[in-house]
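Here is a short report on one protein chain. Look at the structure first, then read on.

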Amino acid sequence: MKLSNLLPLAVATLLIGCATPPADKDQSLNDTLPTLTLQDVLPAPVANEYCNASMDSDILYGIGSRLFNNDELQEAKSCFIMAAPKHDRAFCFLATITEQDESKTEAQRNTEAFNYIAYSAAKNDWCAAFGMYQSYSYPSRGAKQDKALALRWLERSARHGSPDSQHMLMSLYENEGKLVDSYAWSRIKSTADDTSDTDDLKKEMTPEQIAQGDKLYDELRKTVTTQKAMYDEAREEDIGLYSANIHLDFPDTFKGMPSAERYNFVKQSIATVLAYPGMETRGQVLSYIIIARQAQLKNPAIDILQNKQIVAILKDDNLTMGQTIDQATSILNTAYK
């Protein structure tokens, strides 16, 4: 089972941290959850060759994500357990890993996975809210089917910005003939470049229904996490993911650098390189961070994006990341002695 069985597809790019959601319309949803503490949910962390409790939480989370994607699930679980107190999204990973743990009985798997999701859902994580929707809709994780409760959790996930939950809610309302609701959610999820769902729905609606839908949209958008906030959340995720990859593959890059300074350096580096034309792949960003750090150690005033040779190397799709870093480093050492 892959993570997409637990989460909307957008989880591939949105995992770490939480965009701060507006106040919930349905706060009574938390009353349907069991009362759980962090100590109730998380087992004691066990260090492995990749992770230990002294490491920064964002790096622990990033390493867990990488190990998960490589199907090294038990190692990933240890990393996520250590990251979870500061990263609510880790609980969604933990639930998925637990559901595949054949060393436990089905009842044990269900209880543990449900509790992971329930704990994070109480903290308003959109991913966990979607997990609660699944639990009551299908049903799964030992929950009893409750379509009405499932819908409430899906709407919370949608309100907290999950684009896939928004799309699912829009489709569900359309299938039920609730075109006003479907139309309003289609406008929430639409972008400037894609209004196709809204346009299609308008063809089925009367002018009165469209007016009602526009009014509902105006009400909804005051309570829904914005697309910008979700984009910012993804950028925060990248700090941990890039830092984790550098920690594992280029461990000397941030050697001796304080945690807060490393975090801010990576954050600024990501923003800088993504703002540069033609710099958009993960390999380019990762290479830039490493080379920019080498430049900083030489002279903080060096801007490697002002060096045309280094930029050309960063943009060369025929080079491996190792080749990119080696060649750019050679130029850096020659140009800035």
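## An exposed loop residue

A47 is exposed, at a relative accessible area of 53%. The terms are set by cut-offs: buried is under 20% relative accessible area, exposed is over 50%, and partly exposed is in between (1.4 Å probe, protein chains only). A47 sits in the loop that runs between α1 (38-41) and α2 (57-69). Helices here are DSSP runs of H or I with at least four residues, strands are E runs with at least two, and both are numbered from the N terminus.

Which residues does A47 touch, leaving aside neighbours within four places in sequence? It is in contact with N52 and M82. Contact means heavy atoms within 4.5 Å. Y138 is 91 residues from A47 along the chain, and their C-alpha atoms are 35 Å apart.

## Model and confidence

This is a predicted model, in which local features need pLDDT of at least 70, side-chain atom pairs count only at pLDDT 80 or more, and totals for chains, interfaces and linings use all residues. Residues are numbered from 1 along each chain as its sequence is written, and side-chain values use heavy atoms, with hydrogens and water left out.

pLDDT is the predictor's confidence in each residue, on a scale from 0 to 100. The protein chain averages 92, and 93% of the residues score at least 70. Two stretches stay under 50. One is residues 1-5, with 14 contacts beyond four places in sequence in the model. The other is residues 7-21, with 52 such contacts.

## Overall architecture

The protein chain has 16 helices and zero strands. Its C-alpha trace spans about 70 × 50 × 30 Å along the principal axes. Of the 337 residues, 47% are buried. Take the contacts between residues at least 6 apart in sequence: 67% of them join residues at least 24 apart.

## The nonpolar cores

In soluble globular proteins, nonpolar side chains tend to be buried together. A nonpolar core is a set of buried Ala, Val, Leu, Ile, Met, Phe, Trp, Tyr and Cys residues joined through side-chain atoms within 4.5 Å. The largest one here has 64 residues, and F80, M132, W153 and W185 have the most contacts inside it. Helix α6 (residues 126-137) gives the largest share of this core, eight residues. Another core lies apart from it, with 30 residues, including L286, V311, L314 and A328.

What does M132 contact, leaving aside its neighbours within four places in sequence? The partners are L33, F114, I117, A118, A121 and W153. S65, in helix α2, is buried at 4% relative accessibility. Beyond four places in sequence, S65 is in contact with F80, F93 and L241.

## Two helix pairs

Axes are lines fitted to C-alpha atoms, for helices over the stretch in contact, and angles run from 0 to 180 degrees between N-to-C directions. Angles under 35 degrees count as roughly parallel, over 145 as roughly antiparallel, 65 to 115 as roughly perpendicular, and the rest as oblique. A crossing is left-handed if the near helix is turned anticlockwise from the far one by less than a right angle, and right-handed if clockwise.

Helix α3 (residues 73-83) packs against helix α4 (residues 90-99) at about 150°, with axes 10 Å apart. The two are therefore roughly antiparallel. Their crossing is left-handed. L73, Q74, A76, K77, F80 and I81 of α3 meet A90, F93, L94, I97 and T98 of α4.

Helix α13 (residues 259-274) and helix α14 (residues 282-298) cross at roughly 120°, their axes coming within 10 Å. That makes α13 oblique to α14. This crossing is right-handed. On α13 the contact uses F265, V266, S269, I270, T272, V273 and L274; on α14 it uses V285, Y288, I289, A292, R293 and Q296.

## Backbone exceptions

Most residues other than glycine have a negative phi, and most peptide bonds are trans. The bond from Y138 to P139 is cis, with omega near -10°. P139 lies in the loop between α6 and α7 (147-159).

Two non-glycine residues have positive phi: D71, near 65°, and N124, near 70°. D71 is in the loop between α2 and α3. N124 is in the loop between α5 (106-122) and α6. N124 is partly exposed, with a relative accessible area of 22%.
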